[in-house]
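Visitor: Hi! Could you walk me through this one?
Guide: Happy to, here it is.

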Amino acid sequence: DCAWGKDENDFELVLSGASTIDAGVYVYIDGGECGGVVDAMEDQLAAGVSTLTYSGRTWHGMLANKILEPDKGKDYLTVSGSASSVIGSLISRVGLDGVFDAVDSPTAGAQTIKSYRFDRYTDCYTGLRKMCAANGLKLRLAYASGRVNIWAEPVAHYGDSIDSDLIDFDATRTWRKPNHLIGLGGGEGAARAVCHWYADGKGAVSQSQTLFGLEERTAVYDYNNASDEELRVETRKKLEELQGQGSVSVDVRGGLEMDVGDTVSGRDNSTGTEVAARIVKKIASADDGGITVDYE
């Protein structure tokens with residue numbers, strides 16, 4: 001049972017009988033994204049039968065256990081260039097070049113990363129995914145010939161190509177989200193850093209207020225110890241995140257194969273509601289009967 005994406009990024013392997021696996025061994029499906037390194041084992045003995053449950057980090061979890069730090073004397077880590085060279089330099093930066101090979105997309109060829117600035121001290125997996133998303137790409141991994149290939153390729157959008165009868169969704173629309181965010185940074189009392197950001201009726205964020213009275217919804221963003229500039233940047237980013245119109249969950253039937261980062265859309269013709277959801281997590285379970293995959 002293997003999961004990767006927004007959280008978990010780990011696996012479990014259950015064996016019955018006397019078979020044993022050593023710590024640090026790779027478990028994987030050759031040529032696919034399922035796999036990782038064994039970190040722990042649970043031994044359960046019942047009625048003379050031993051069941052061993054091995055667990056560990058997926059390839060994604062290995063990346064999530066590494067932190068991207070800015071260079072000494074720099075506030076942020078910034079990259080640009082071909083996707084394979086950028087990803088390769090980041091893999092080497094966190095000391096995982098003995099496990100991963102950065103390559104061009106097997107199906108889409110070479111891709112480009114425009115200038116991208118990472119969040120301070122983000123984990124490598126989150127940073128790589130956000131970097132790819134900012135460039136219309138998704139991160140892919142596959143084990144092959146003793147190495148884990150890692151690359152970026154364009155995000156896929158599934159909508160018109162899918163029979164609408166295969167898509168169920170539950171959508172909640174919220175028209176008025178917080179539109180005035182007060183950021184609180186470093187300092188004490190009257191000396192504490194403060195900034196104000198506002199969203200207008202269309203969700204555009206600036207430092208000019210356009211909504212007042214009942215239409216104004218104010219919240220506080222506590223970002224303690226942040227510098228003035230970092231507080232401005234992060235408070236604006238937080239308010240932009242809050243401008244989504246609601247929440248959407250989508251269920252796709254029919255065996256469609258998607259990746260973390262892809263999007264799927266659907267429409268309720270009776271109300272005219274259209275929704276789009278991004279795949280943020282993939283869960284694969286394998287047994288003697290084959291592999292089943294669920295998406296969040």
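**Around Asp30**

Guide: Apart from neighbours within four places in sequence, Asp30 is in contact with Tyr143, Ala144 and Ser145 (contact means heavy atoms within 4.5 Å). This is a predicted model: local features need pLDDT of at least 70, side-chain atom pairs count only at pLDDT 80 or more, and totals for chains, interfaces and linings use all residues. Residues are numbered from 1 along each chain as its sequence is written, and side-chain values use heavy atoms, leaving out hydrogens and water.

Visitor: Where does Asp30 lie?
Guide: In the loop between β3 (26-28) and β4 (35-46). Strands (E, at least two residues) and helices (H or I, at least four) are DSSP runs, numbered from the N terminus.

Visitor: Is Asp30 buried or exposed?
Guide: Exposed, with a relative accessible area of 56%. Buried means under 20% relative accessible area, exposed over 50%, partly exposed in between (1.4 Å probe, protein chains only).

Visitor: Switching to α2, which of its residues are buried?
Guide: In helix α2 (residues 83-93) they are Ala83, Ser84, Val86, Ile87, Leu90 and Ile91. These residues sit on the same side of α2, because their arc around the axis is only 165 degrees (taken from the directions from the helix axis to the C-beta atoms).

Visitor: And what comes just after α2?
Guide: Gly95, with a positive phi of about 80 degrees.

Visitor: How many bridges join β22 to β23?
Guide: There are 6, between antiparallel strands β22 (residues 281-287) and β23 (residues 290-295); two strands pair if DSSP finds at least two bridges between them. They form a hairpin with 2 residues between them, and Ile283 stands opposite Asp294 in β23.
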